[in-house]
Amino acid sequence: MLRLLKMCFLLILMNPAEITHSQNSEDLPPLLHKAAEEVVTGKYLNALLDVLHFQSSNVWTADMVTKVMAYFHAREVKFTLRSLQTSTQSYLKNLLYQPRQLLSAFQQLDQQQFQTAMKYLFNSRKDYLEIGNVILDWEKTRERIFQIPGVNRTLFLITLEKCFLALRAMDCVDILSQILRMSAVNYLQPDVVGSLPNDLQEDAFRNLSTVFKDLYDKTSANTQKALYGWMKEILQKPYNRSDFNESASWVSAENLWILGRYMVHLPLEEILKISLSEIRLFISYDNATKQLDTVYDITPELAQAFLDRINSSGFDVRNTSTVYRLGLLVCFYDDMEQMDAAVARALLHQMIKCNQLKGFQAKVQKLKSQLLNIAMQNQTLNDTLGSLSDAVVGLTSGQLESLSPEAVHNAIATLNQVSGWARSQVMILSNKYLSYGKVLSFYNVSQMGALVTGISTESFYRMNPKELSQVIRGTTSQYSSDLSPAQQQGILRKIASSTDFSSLVTDIQGAFFREISLSDLWKENGYNSSMMKEKELRSSQALYLYELLSKKSSSVDLLSTGQLLKGVTCQLIESMGTDYFLNHFEVFENNLHLLSPYQVNCLAWKFWKVSNTSIPPFFFLVLPIEYLEYISGPLCVPFIESLGKTEMDLLSPSFHKKEAVLQKVQECLVGTVIQQSKFLFQNGSIADEYDVDLLGNLICHLPPAFLHGRMSLKAMATALHQFKLCRQLSHEQKTEIKYKLLELYGSPKNWTAETTLDVGPFIAQLSKGELTVLAEKFPDIVLRIAKTIGPLSSAEELLSTVFESVFNATASMEPHLSTPDCLGTRAPSSDEIIKLAEANVYWSAQELKCMDAGTFDKNVELLGTVSGFNNSQLMALKEKAKQVWGSLLGWKSYHIVSLGRIALALTENEIEELDLHSIDTISVLSQQAEWTLAQARSILQSFLEDSGQTMSTLKSFDLVGLGAILCALNSTEIMSIRTAEFSAAVARIGLLLCSTPVLRQFKKITESVFGTATSWNGSVLQEIGTIAGGLNEDELKAFDKNLMPYFQPIAVRSMPAEIFQALSPKQIANLGPENAAMVTESQREHLSASQLQSLQLALDGARTNSPEAPTTACIPLSRRPPAPGGAPCLSSFSIWLCALFTLARAFLNP
């Protein structure tokens, strides 16, 4: 290979008609002489960079070419022409895929070569380079370079190692900034921070510090601590003189500004030493406020220390002007004695930022409550509402209910900026605001901010359609995703009923458009492709619209809209011409997240058919398993790289297929030892950060045994961040990760706060004893991590440890209640409930029963979200609600809505006592998935009675709001639903997992909308979802096999086994990978041998008439074929023409 690369440099210089071998080479320019010698000795990167540098200031002449040729002739360099271009491309590509070798090659560059490399990689302003008659797309070339795993890391490390010696420090800082900002991976590990230069000039240091401050949130806690140490070392230098007072602090006002967010890493004792004059200077500038607004991870102890120093420096922290300078320090203000109401209101105004803190929200809520009481001294809540900022979120429903409509109206400018509202609070405040003589108009709605979600569905439906259209595209549009499905349906139903629907539909943007029914889309045909660019589509909508628009728009326009890709059928893909498909394939590749596994499978087969010599490696994930057999040797690295950038779960739902792919990945990891033992996967293991870079997302799928035996600790340090991004690690994988972390960091007894933060959610895998140690050392950190963990089943030991920690910390401070049935029982406090979140599940039913009425009223919504409460705990909370709110007959909608899961404890008789006239109340209740049939029937009957409706008068938004309650309908009730209303809600109804008899009745009414079942097309099948589970045997058998992929996966799962078995083998074979993966075990048991064989074909993504399996010869590294004729570069432009052009091809054609 090395000999062949020498040929490239030689041939490019050659022009056979001009060369005279007797030409003297002694007068060859020094730089070209050096480059030619480097070619001979195998230093090809060095030679290329020398030639690039020569080219930048010299013009090639024929005699130079002749002289270089004479030099090679004199050195007796011999070669043949065959396979020159291919070997050169292979060498350069291998260099990039072997980042350790690339690092070594960069380390051998001299200063001028290094400068040239940095210039072309980071400072070139040219998008294109003209090389003779060849135009090179340098922008794309560089983009491809930076996308190759490991290359960015190499460039980062070599910049740290060589740049500050070869270039101006400011240029090096700029290069480091570019690398760090363009990469999704943070290369700043604690050991790398130790390589940072500590002798930078002031400007360079400030600029580099700014880069690190900007990347703070992307950086691990241990690295943050290391970067603080690096900054501290440099900032301390002027203070290390022998004449400097050792007791004085190096932390000046200027140094605090430079530290920025890293100031939270200052030790407590260092803060207390800061000169009062310096702290006064720091806080006096406006920039200090901006900086203090970003210290999201400051602790109460450090914040209090800063507040004390600021107060002692001459700034009175009780002065309102000072309060506005304190940033997030106000979240920990504690000087409450004899506080003035105006100061309390100023603090509350500033505390609206405190929800950005990483933890300590219980402390913040407690402080807000105290300040609220002070702010309201000698005044009513009505008088002070507008000055309480987001502390109003802490008001109980009773307090909000006591507000006058006028007070809410006057305070709306404040209330509309507040976030964190509970659903019940929004309902109360919205009702108050609108009851102040408000006509529901676009203007009034636009004043409400987040409170718009409290407007009832009926109120939206009564609005003018044009005003509604303005609402959903105006400032209120940012809250549209927070509206319930019933509210969205109410808005769209009113717009759809307008005679001006065709013009209004263009205004419906984003996710709102998804709620438009297929039948409503059918009403108009004046759509165009440009209208679709800002809309989010369901698959059923996309299928219909693509077919409709294809009659009047070019396929190029349709594909460019993005969302319409969901409507591209397999038949359409297969009908594309070869050139058209290859030229537009990038559109599909860049939008894989929009495509179904079936569509990706179709793309893979199409690509195989038209250009199997250049198929993207990730397609082997969706082709039949046998195609994986031909991935080996040099194909392994591109294969792994491609999969590492892909979400496997999105492309291949088949567990069996993923297992086979992962087996191939493991074979590749071991197999590359033979091919590339010096550079990748040493000893078949994941050796270091370079291997982690290459694996990318694949690391989430590596089996536990591989993690146990083949992942080094060095790699684990880098992989930890990647593991934390994994969506669904198995318990066994998490266990192996835990063991690796214990090897890496040692016993949790010795962990630092930073290590605990970095390990993050994986502490849930530790033993109870280990967790107890951490909870004792770092209670706030463990509490913070626990709040990010899922339900009880995924972190039982962690949640129980958190509960014990919080319980024990406050046990001595909480008085025992003296009511007869609560003697000796310690009830939960508001502070504890906020801290515990899901860990509240460990309160006993008796403890919950003994809760203070005010505590319950304030925290009922949070308690209603705890997923692990059992029946006895829910019963205790329900009884507490009845005790606090009185008779069920007096409960308002906001009371019922605030219950959450607690409502599940209501009996049928209790449900009948509730006022359930509002579909918005029902919409919230229907979100609970654990209702019994009897309870659901009670909810349905109560709604009909209280609202004065019958099934035949329900509107589409009522049907959507009823949600899962619809599964309790009987056949008579279902057939009473008006067809027009059902058709508008059918997509939502098609998401319900109802019983087969109910689905069969829904199927009947669906036929009155879309025609007989046997006439349904793909868009209808996508629209109706689970309703297709109500088809009978004859109807199912009648469907064309090409329609099988358009059944929704949940519809396949909903089909009774005895009905599903009616499908023919051909139909089953055409289900598509996603639908095949949804077939249940019960359905499988009813299938014949031939049907099971067809099911396996569908799972594999096979084609009934698939091409022959590939051979290794037809899956090259490059995705595009060589240049026409495969002609090598035989011109006399310059020595870098072939090398650079081939290098570009290697980058641009992975």
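A: Gln304 is buried, because its relative accessible area is 16% and the cut-off for buried is under 20%. Please keep in mind that this is a predicted model, and that each figure here is computed from its atoms. Gln304 sits in helix 18, which covers residues 300-312. Along the chain, Gln304 and Val330 are 26 residues apart, while their C-alpha atoms are separated by 9.3 Å.

A second pair can be described in the same terms. Lys734 counts as partly exposed, because its relative accessibility is 25% and partly exposed runs between the 20% limit for buried and the 50% limit for exposed.

Those two pairs are described by distance, so let us turn to covalent links. A disulfide is a covalent bond between the sulfur atoms of two cysteines. Searching the whole structure gives 7 disulfides, including the link between Cys636 and Cys668, with an S to S distance of 2.0 Å. This pair connects distant parts of the chain, 32 residues apart: Cys636 is in helix 38 (residues 636-644) and Cys668 is in helix 40 (residues 655-676). The torsion about the S-S bond of Cys636 and Cys668 is -75°, a left-handed link, and both cysteines are buried.

Because the torsion about the S-S bond is about -95°, the disulfide of Cys822 and Cys850 is left-handed. Cys822 is buried at a relative accessible area of 4%, and Cys850 is buried at 3%.

Another disulfide is formed by Cys967 and Cys994, whose sulfur atoms are 1.9 Å apart. Cys967 is in the loop between helix 57 (956-962) and helix 58 (971-975), and Cys994 is in the loop between helix 59 (979-989) and helix 60 (996-1010), so the bond ties together parts 27 residues apart in sequence. The link of Cys967 and Cys994 is left-handed, with -70° about the S-S bond. Cys994 is buried, because its relative accessible area of 10% is under the 20% limit.

Glu908, Glu912, Glu913, Asp915, Glu945 and Asp946 make up a negative surface patch. Helix 54 (908-913) and helix 56 (933-947) each contribute at least two of the patch residues, and helix 54 gives the largest share, 3 residues. Asp946 is in helix 56. With a relative accessible area of 33%, Asp946 is partly exposed, and it can belong to the patch because patch residues need over 30% relative accessible area and no salt bridge.

Technical notes:
Residues numbered from 1 in each chain as written. Predicted model: local features only at pLDDT ≥ 70, side-chain atom pairs only at ≥ 80, totals over all residues. Heavy atoms only, no water. Patch = residues over 30% accessible without salt bridge, like charges linked within 9 Å, V, L, I, M, F, W, Y side chains within 5 Å. Areas by Shrake-Rupley, 256 points an atom, 1.4 Å probe, with all protein chains shown as cover. Salt bridge = Lys/Arg side-chain N within 4 Å of Asp/Glu carboxyl O. Lys, Arg positive; Asp, Glu negative; His and termini not counted. Charge placed at Lys NZ, Arg CZ, Asp CG, Glu CD. Helix = DSSP H or I, 4+ residues; strand = E, 2+ residues; numbered from the N terminus. Buried < 20%, exposed > 50% of the residue type's maximum accessible area, 1.4 Å probe, protein only. Disulfide = S-S within 2.5 Å.
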